[in-house]
Amino acid sequence: VYPWAWLPAGDAAFYKKPVITYDGPDTRDRLKNLPIYVEENNIGQLATTIKYLCENVDRRIELGIKANEELMNDRAGIYNTELAVSKLNDIFKKAIK
């Protein structure tokens with residue numbers, strides 16, 4: 001869940017995690033069909049969406065795969081090349097250790 005910004009959405013999508021974000025015009029223009037959108041500042045809708053994904057594992061996995069496909073096929077406005085993603089993956093692996 002990231003209410004605003006594009007890079008964290010790309011990071012999550014790379015690892016096939018579903019992305020929930022607020023539905024701002026600039027965010028929709030950039031991320032297109034990658035995330036699940038909720039109304040800006042609608043905490044109830046955000047909570048309901050999080051709860052739904054927590055309780056529906058198959059749907060959560062499906063939406064994570066969809067987000068990854070949007071990212072990897074350059075259908076989202078997030079800068080992406082195989083080299084950049086590979087380097088980010090190495091950085092994350094080192095950071096986790």
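Mentor: Contact means heavy atoms within 4.5 Å. The structure under discussion is a predicted model.

Trainee: What pattern does the chain follow when read along the sequence?
Mentor: The chain holds five helices and two strands. Of its 97 residues, 31% count as buried. Read along the sequence, the elements follow the pattern α-β-α-β-α-α-α.

Trainee: Which residues does R60 touch, not counting residues up to four places away in sequence?
Mentor: R60 has its place in helix 4. A separation of 44 residues in sequence lies between R60 and K16, yet their C-alpha atoms are 9.5 Å apart in space. With residues up to four places away not counted, R60 touches P18, L53 and C54.

Trainee: Is R60 buried, partly exposed or exposed?
Mentor: Buried requires under 20% relative accessible area and exposed requires over 50%. The relative accessibility of R60 is 29%, so R60 counts as partly exposed.

Trainee: How are helix 3 and helix 4 oriented to each other?
Mentor: The axes of helix 3 (residues 43-55) and helix 4 come within 5 Å and cross at roughly 105 degrees. Angles of 65 to 115 degrees count as roughly perpendicular. Helix 3 and helix 4 are therefore roughly perpendicular to each other.

Trainee: How many charged residues does the contact of helix 3 with helix 4 have?
Mentor: On the side of helix 3, the contact is made by Y52, L53, C54 and E55, which meet V57, R59, R60 and L63 in helix 4. By class, this contact has five nonpolar residues, no polar residues and, as charged residues, three.

Trainee: How are helix 1 and helix 4 oriented to each other?
Mentor: The axes of helix 1 (residues 7-14) and helix 4 (residues 57-72) come within 8 Å and cross at roughly 115 degrees. Helix 1 passes helix 4 in a left-handed crossing. By their angle, helix 1 and helix 4 are therefore roughly perpendicular to each other.

Trainee: Into which classes do the residues of the contact of helix 1 with helix 4 divide?
Mentor: From helix 1, G10, A13 and F14 meet G64, A67, N68, L71 and M72 of helix 4. The residues of this contact divide into five nonpolar, three polar and no charged.

Trainee: Against which helices do the buried residues of helix 1 pack?
Mentor: A9, G10 and A13 are buried in helix 1. They cover an arc of only 100 degrees around the axis, which puts them on the same side of helix 1. An α-helix has 3.6 residues a turn, so residues three or four places apart point the same way. The buried residues of helix 1 pack against helix 2 (25-31) and helix 4.

Trainee: Is E70 buried or exposed?
Mentor: E70 is found in helix 4. Leaving aside neighbours within four places in sequence, E70 is in contact with N33, L34, R75 and A76. The cut-off for a buried residue is under 20% relative accessible area. At 9% relative accessibility, E70 therefore counts as buried.

Definitions and conventions:
Residues numbered from 1 in each chain as written. Predicted model: local features only at pLDDT ≥ 70, side-chain atom pairs only at ≥ 80, totals over all residues. Heavy atoms only, no water. Axes fitted to C-alpha atoms, helices over the stretch in contact; angles between N-to-C directions. Helix = DSSP H or I, 4+ residues; strand = E, 2+ residues; numbered from the N terminus. Parallel < 35°, antiparallel > 145°, perpendicular 65-115°, else oblique. Left-handed = near helix turned anticlockwise from the far one by under 90°. Nonpolar A, V, L, I, M, F, W, Y, C, P; charged D, E, K, R; others polar. Buried < 20%, exposed > 50% of the residue type's maximum accessible area, 1.4 Å probe, protein only. Arc of directions from axis to C-beta.
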